Amino acid sequence: MFEFNPLRDMFYTWLFYGWIGLAGVSFVALRFIPASYGKFTRAGWGPSIHRSLGWVAMELPAVGVILFLFVTHAAYTNLVYVVFLSVWQLHYINRTFVFPFRMRGKKTSISASTVLFGLLFNLVNGYFNGHYLFAGDNPLYGTGWLSDPRFLVGLGVFIVGFGINIHSDELLRALRKPGETGYKIPRGGMFRYVSAANYLGELVEWAGWAILTWSPVGFAFFIWTGANLIPRALSQHHWYVETFSEYPQNRKAIIPFLV
Ligand code: NDP
């Protein structure tokens, strides 16, 4: 399916397949045990840290690792790599430095174990993507790639997903006035179709990334995003239906009209 260079060596190859396998394990585990934060916060997950600080710590490796690999491989000499980095950072600069400081509500802490899992994921995922994209010398990524239909379609998909994600995060934020706590039924935007519209946006974004980079690492990231977010979206949907008797019955969990 993909035109890509062989992965660099045996160790890297097995690490990569192990990584995809781990996404399956994570999917099953999260289906039964939602991570302890937000609506599913509960005791027994160890010490907690400040929520905004936790989000920054969790997401910072995604910003830093890829930037480090971009610089150390002198990837700035190739316009395609500059575009890849910009697309990636568009998402992660918002997620790391903007989103955590705009959250409202009474939960001002997050469990350190959730942060640790997120941090490790971002470290490994950032490494795989940066290493494959910037160190691989892939012939696919000449300047012609920027007018290739796969790149253009992928970029379009990414932008649509990013728009849905940001818009949905804002709709959730607007449900609470400053100082307000508690949960309400989200409405508008893609929430008309799914309970976890923010997760839908994220999933679409990384599908776009997989297409625009046409890479196994992009594809693995998409699989991992699904493994993280689909179980949580199902739990959230169930929670909404149980909590609000007037919850819209035609809404799905994460994929409009389907799931
Ligand atoms: P949630 O939808 O659980 O919460 C987002 C924010 O909205 C929180 O501040 C939450 O408050 C608030 N909120 C949620 N539902 C309601 C409601 N019904 N009424 C009022 N306020 C509400 O999202 P996550 O925190 O899980 O994720 C945040 C972002 O990070 C998303 O955009 C998601 O896509 C992304 N993400 C990406 C992952 C990946 O693997 N790529 C993994 C996890 C998240 P409170 O904290 O009080 O619940």
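Colleague: Which residues of α3 are buried?

Modeller: Val80, Tyr81, Phe84, Leu85, Val87, Trp88, Gln89, His91, Tyr92, Asn94, Arg95 and Thr96. Buried is under 20% relative accessible area, exposed over 50%, partly exposed in between (1.4 Å probe, protein chains only). Helices are DSSP runs of H or I, at least four residues, numbered from the N terminus. This is a predicted model, with pLDDT of at least 70 required for local features and 80 or more for side-chain atom pairs, while totals for chains, interfaces and linings use all residues. Numbering runs from 1 along each chain as its sequence is written, and side-chain values use heavy atoms, leaving out hydrogens and water.

Colleague: What do those buried α3 residues pack against?

Modeller: Five helices: α2 (51-72), α4 (112-135), α5 (149-174), α6 (197-213) and α7 (216-243).

Colleague: Take His91. Which residues does it touch?

Modeller: Leaving aside residues up to four places away in sequence, His91 touches Phe158, Phe162, Asn165, Glu202, Glu205 and Trp206; contact is heavy atoms within 4.5 Å. His91 sits in helix α3 and counts as buried because its relative accessible area is 1%.

Colleague: And what happens at the start of α3?

Modeller: There, a side-chain oxygen of Asn78 comes to within 2.8 Å of the backbone nitrogen of Val80. That is a polar contact (N or O atoms within 3.5 Å; within protein, one able to donate a hydrogen and the other to accept it, with sequence neighbours counted only if both atoms are side-chain atoms).

Colleague: Switching to the ligand. How many residues surround it?

Modeller: 26, and the closest are Tyr37, Arg95, Tyr183, Lys184 and Tyr199; the cut-off is a heavy atom within 4 Å.

Colleague: Which helix gives the largest share of that shell?

Modeller: α7, with five residues. α2, α5, α6 and α7 each supply at least two.

Colleague: How far are the polar side-chain atoms of Tyr37 and Asn228 from ligand oxygens?

Modeller: For Tyr37 the distance to an oxygen atom of the ligand is 2.6 Å. For Asn228 it is 3.0 Å. An N or O atom in the side chain of Tyr199 lies 2.5 Å from a ligand oxygen. The protein buries 92% of the 890 Å² that the ligand exposes when taken alone (Shrake-Rupley, 1.4 Å probe).

Colleague: Last one, Arg192: buried or exposed?

Modeller: Exposed, because its relative accessible area is 53%. Arg192 belongs to the loop between α5 and α6, and a polar atom of its side chain is 3.0 Å from the backbone oxygen of Gly189.

Colleague: Where is Arg251 relative to Arg192?

Modeller: Arg251 is 59 residues away along the chain, with 6.8 Å between the two C-alpha atoms.
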